[in-house]
Amino acid sequence: MPGQAVDVAVVGAGPNGLAAAVTMARAGLSVRVYERNSTVGGGARTAELTLPGFHHDICSAVHPMALASGFFRRFGLAERIELVVPEISYGHPLDGGRAGIAFRDLERTADHLGIDGGAWRSLMGPLARRADQVAQFAGSPLLRIPAHPVTTARFGLRSLEQGSPLWNLRFRDEVAPAMLTGVAAHSIRTMPSPSTAGAALSLGAYAHGRGWPVPIGGSQAIVDALAADLIAHGGEIETDAEITDLEQVRPARAVLLDVAPKNLVRIAGDRLPARYRAALERFRYGNAVAKVDFALSGPVPWQNELLRSAGTIHVGGTRAEIAAAEKAVAEGRHSDAPYVLVSQPSIVDGSRAPGGAQVLWAYTHVPRDSDLDQTEAITRQLERFAPGFRDLVLASSSRTAKDLENYDPNYIGGDIAAGAASLWQLAARPTLSLNPWATPAEGVYLCSSSTPPGPGVHGLAGWYAARRALKAVFGIDNPPDLSPRS
Ligand SMILES: Cc1cc2nc3c(=O)[nH]c(=O)nc-3n(C[C@H](O)[C@H](O)[C@H](O)COP(=O)(O)OP(=O)(O)OC[C@H]3O[C@@H](n4cnc5c(N)ncnc54)[C@H](O)[C@@H]3O)c2cc1C
């Protein structure tokens, strides 16, 4: 495995590992990436999982951070790949054919909400109009003085309200609360809580700000663009190369690991002081995900017609129903009426499936380490809001929570956030520190989504870790230019 000595070794070719590698290579250092899988991408791979010609996103599918992330904006992602922004960011069906529709246009969304339109406007408007400032705050370590204190204060106050038992106070109908809960549930935790409310408000602000883009060709396009830039700047990638001990990647002067804290302990062993190891072992992993990909003969027959052009759909019913489903999962049970996160990328990207057929991406929340196949539970929930769905299924492919960890060891027990996204663990990720990417072992950095700013395809954890390593190990203060033209 070890080739010629390099300045920097990166373990793991997920979006954060590749972002770190690109940053180091752009600073003029020699970089080698080691990836245990046979292809790059981690949680952003695309493959024919069901039938030939049907291209499914194995993990991430929708990319609110592709346009909002400070790293991707520096990298010029939108100039390198084609990102389509659906006119409807997300939809939320309720029984009887009703639905909440989050148009990119905030005013249209408010008008569609009727009696709660004003409440939506006053809650989301100030954040949606400053979605880039919200992204800057949400994409920064929590222990940092915010660049936009007024927006941050607005965000904080709204998170406290929507994260408290008073969360229904401003609403008169059930549609708007259900919409917020559908987005909050992305953080896979019990509700209401300030951290789930924070997810709802930040993702909700992007939905009306820059939208929730879908890459043409699938999420793989994002990581392929990172890998191509790395190679163009002299970097190397070794696939089928699992690192189990730090010695395998020495004598690189800096090692950046795109791994979960539990696996950092295994790889670095007693090169980490006992106190730090103990802190990593206290890091908590969250509830899990089980996923099903469908090949369909045609578009999903959503009862509410507007949902047919929504990029993402939150299935699970009312605010109370979704909160109950998440509570069941947190208590170690599989909900009878689970929350299901659905993406229908082929409505905007014809390259995903042949001749009018569709791919459908869906996952639900389950207790950690679950090995139950959720195909039937997800199908039942889809039938509830799209009668006839079952008849369109040509093939499906299921991954249990256990399968997800086998596929990518960062997802401990099927926790796709690589560490519970509680308020505490968004600050102490993986430990409470102003420089949480650095470890006590010389030149060794953690750069995965188990570090700030947490889960999602944004490359920011890799960028922050690389910036710290550039400065501490190589004495390089200035951030490298990442733009496609340099
Ligand atoms: C089912 C699912 C759906 C998701 N949906 C979305 C979504 O729609 N939008 C979104 O923004 N985010 C989504 N996410 C989350 C997102 O994919 C992750 O937050 C993101 O990929 C984290 O990036 P990362 O680089 O930190 O880690 P990962 O993407 O997990 O990459 C880690 C890489 O390191 C490799 N690796 C680990 N250990 C070793 C080792 N010892 N040696 C060599 N290689 C190693 C792994 O094989 C993997 O390739 C989803 C995740 C999952 C699983």
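A nonpolar surface patch of about 480 Å² is formed by Leu143, Trp424, Leu432 and Leu434. Patches are made of residues with over 30% relative accessible area and no salt bridge, like charges being joined within 9 Å and nonpolar side chains (Val, Leu, Ile, Met, Phe, Trp, Tyr) within 5 Å. Accessible areas come from the Shrake-Rupley method with a 1.4 Å probe, and for residues only the protein chains shown count as cover.

This is a predicted model, in which local features need pLDDT of at least 70 and side-chain atom pairs count only at pLDDT 80 or more, while totals for chains, interfaces and linings use all residues. Residues are numbered from 1 along each chain as its sequence is written, and side-chain values use heavy atoms, with hydrogens and water left out.

**Surface patch and its loop**

- Leu434, one of the patch residues, is found in the loop between α18 (423-427) and β16 (444-446); helices (H or I, at least four residues) and strands (E, at least two) are DSSP runs, numbered from the N terminus.
- Leu434 is exposed, with a relative accessible area of 70%; buried means under 20% relative accessible area, exposed over 50%, and partly exposed in between (1.4 Å probe, protein chains only).
- Pro430 has its place in the loop between α18 and β16, and a cis peptide bond with omega of about 0° joins Arg429 to Pro430.

**Helix α8**

- Helix α8 comprises the 14 residues 149-162, which at 1.5 Å a residue should span 20 Å; its end C-alpha atoms are 20 Å apart, in agreement. The expected span of a helix is 1.5 Å times one less than its number of residues.
- The buried residues of α8 are Thr151, Thr152, Phe155, Arg158, Ser159 and Gln162. Seen down the axis of α8, its buried residues fall within an arc of 135°, so they line one face of the helix; the arc is that of the directions from the helix axis to the C-beta atoms.
- On the other side of α8, Pro149, Val150, Leu157 and Leu160 are exposed.
- The cover over the buried residues of α8 includes α6 (117-128), α7 (131-138), α9 (175-184), α10 (194-208) and α14 (319-330).

**Helix α11**

- The 13 residues of α11 (residues 220-232) should span 18 Å at 1.5 Å a residue, and its end C-alpha atoms are 18 Å apart, which agrees.
- Among the buried residues of α11 are Ile222, Val223, Leu226 and Leu230.
- Gln220 lies in α11 and counts as buried at 14% relative accessibility. Not counting residues up to four places away in sequence, Gln220 touches Val40, Ala44, Arg45, Thr46 and Asp57; contact means heavy atoms within 4.5 Å.
- After α11 comes Gly234, whose phi is positive, near 90°.

**Salt bridges**

- The structure holds 28 salt bridges, each defined as a side-chain nitrogen of Lys or Arg within 4 Å of a carboxyl oxygen of Asp or Glu.
- Glu79 and Arg485 form a salt bridge through their side chains (2.4 Å, N to O). Glu79 lies in helix α4 (residues 77-80) and Arg485 in the segment after α19, so the pair ties together parts that are 406 residues apart in sequence. Both Glu79 and Arg485 are exposed.
- Arg80 and Asp229 also meet in a salt bridge (3.0 Å, N to O). Arg80 lies in α4 and Asp229 in α11, so this pair ties together parts that are 149 residues apart in sequence. Arg80 is partly exposed, with a relative accessible area of 25%, whereas Asp229 counts as buried at 6%.
- A salt bridge of 3.9 Å (N to O) joins the side chains of Glu174 and Arg98. This pair links distant parts of the chain, 76 residues apart: Glu174 in the loop between α8 and α9, and Arg98 in the loop between β6 (88-93) and β7 (99-103). Glu174 is partly exposed, with a relative accessible area of 38%, and Arg98 is partly exposed at 36%.
- Salt bridges that share partners join Arg26, Arg80 and Asp229 into one network.

**Segment after α19**

- Pro480 is found in the segment after α19 (460-474) and counts as buried at 11% relative accessibility.
- Not counting residues up to four places away in sequence, Pro480 touches Thr23, Arg26, Ala27, Trp463 and Leu470.

**Backbone geometry in other loops**

- The peptide bond from Pro452 to Pro453 is cis, with omega near 5°; Pro453 lies in the loop between β16 and α19.
- Ala418, a residue other than glycine, has a positive phi near 55°. Ala418 lies in the loop between α17 (401-407) and α18 and counts as buried at 0% relative accessibility.
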